[in-house]
Amino acid sequence: MPIEQANGLALHTQHLSTAAEGERRPQVVMLHGLVIDNLSSWYYTIANPVAQVADVHLVDLRGHGRSEMPATGYTVEDNVDDVVALLDRWGITGPVHLFGNSFGGVVALALAHRHPERVASLFLIEAHFAVEGWGEHMAGSLALAAFGLDEDSVQDWLAVNADRKLSRLAKRSERFLTETSLIDDLQAEAPIGWLPEIACPTFAMYGADTDIMDRALELEAKVPGCELEIVPDCSHSLLTEQGGLVRERALAWLDRVG
Amino acid sequence: MPETVTPEIVLAQLEEMLVEVIGDDLLLDGPLTMETSFDQDLQLESIEFVALSEKLLETYGEQVDFVGWLAEMQLDDIIALTVGQLVGFVAANAAASGA
């Protein structure tokens, strides 16, 4: 299991590549969503097909999957620092294509804003980011609704996993939400005012039935040249609901900007 | 690598790998069989599946392209996957490559 030390943490990563010795290919880094998500949602959907044309690097963000779960440090900026530390460790100094799902999308956007020289393009699925009123929205039980972790969603999820009486993921998620600063850190995120400063090519996909359509429209309106695709009959779980379509779009995107 | 990769050998190796991934809890409900399902019986988390595929790669090499095999499946098929299906896949591919 590749556990790598970066930014003072032990982070779980996976690297997929079919490159021949010495072959230079586009570098793709995929960032997942919050709490019950981890790098496996990329691993089983589009990582392998994309690895046929690019070097793919998957990261379990801090607190997620098999990465270390520190007590504090869950702001978007902390996550950006982790990913940059990993890029440094891997010796990747040239621009990479950042793929972000949900919360991974805001980490990708923030990285592209803070380190524009390190990002070649953004491929965003259901990207989530702070807007006006975010703090209040993140309060109380609503805190989790923003990421599809509201009571209904969690109940749905538990119903599917009900026989997992000792579910390790459920226990880990509970620890994450109750014993770390995650919720406080997310609540403290300020609305993003710098979307017009994003300088790289950006492609965004959202499900037509998503609960964050406002984010989709804001990205299209504010990120220069942002291409937006709304997928009919899909929810926030676009990546798993329409893995085949996302795969097609990802390969076409790399063909154009890679 | 043994010269002949029989399903029985793969099953035994797979059990060792799963114990390494999940821990001894794996064997609480009895030994691994061809009918054991990864989701219902083993309650394997998706991230643990990633760890398992890494161990398969270490053990059998790239000719047993587990990730590529999974990439061709629908999510429902992956969830319903049994130990026997995986053993069959490994044995067929390891044997085909002469491993």
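Two residues are in contact if their C-beta atoms, placed from the backbone, lie within 7 Å. The model is predicted, so local features need pLDDT of at least 70 and side-chain atom pairs pLDDT 80 or more, while totals for chains, interfaces and linings use all residues. Residues count from 1 along each chain as written, with chains lettered from A and ligands numbered from 1 in written order.

Start in chain A. Select A:Val76, A:Glu77, A:Asn79, A:Val80, A:Val83 and A:Val84 in α3(A), then A:Val106, A:Val107, A:Ala110, A:Leu111 and A:Arg114 in α4(A); the two groups meet. Helices here are DSSP runs (H or I, at least four residues), numbered from the N terminus. The contact of α3(A) with α4(A) has 8 nonpolar residues, 1 polar and 2 charged. Nonpolar covers Ala, Val, Leu, Ile, Met, Phe, Trp, Tyr, Cys and Pro; charged covers Asp, Glu, Lys and Arg; the others, Gly among them, are polar.

Now show α3 (residues 76-90) and α4 (residues 103-114) of chain A whole: their axes come within 9 Å and cross at roughly 70°. The pair is therefore roughly perpendicular (65 to 115 degrees). Axes are lines fitted to C-alpha atoms over the stretch in contact, with angles from 0 to 180 degrees between N-to-C directions.

Next, select chain B, which has 5 helices and 0 strands (strands being DSSP E runs of at least two residues).

Finish where the chains touch: 14 residues of chain B contact 16 residues of chain A. On the chain B side, α2 (46-60), α3 (66-71) and α4 (75-79) each supply at least two residues. The most come from α2(B), with 6 residues.

Note on methods: Parallel < 35°, antiparallel > 145°, perpendicular 65-115°, else oblique.
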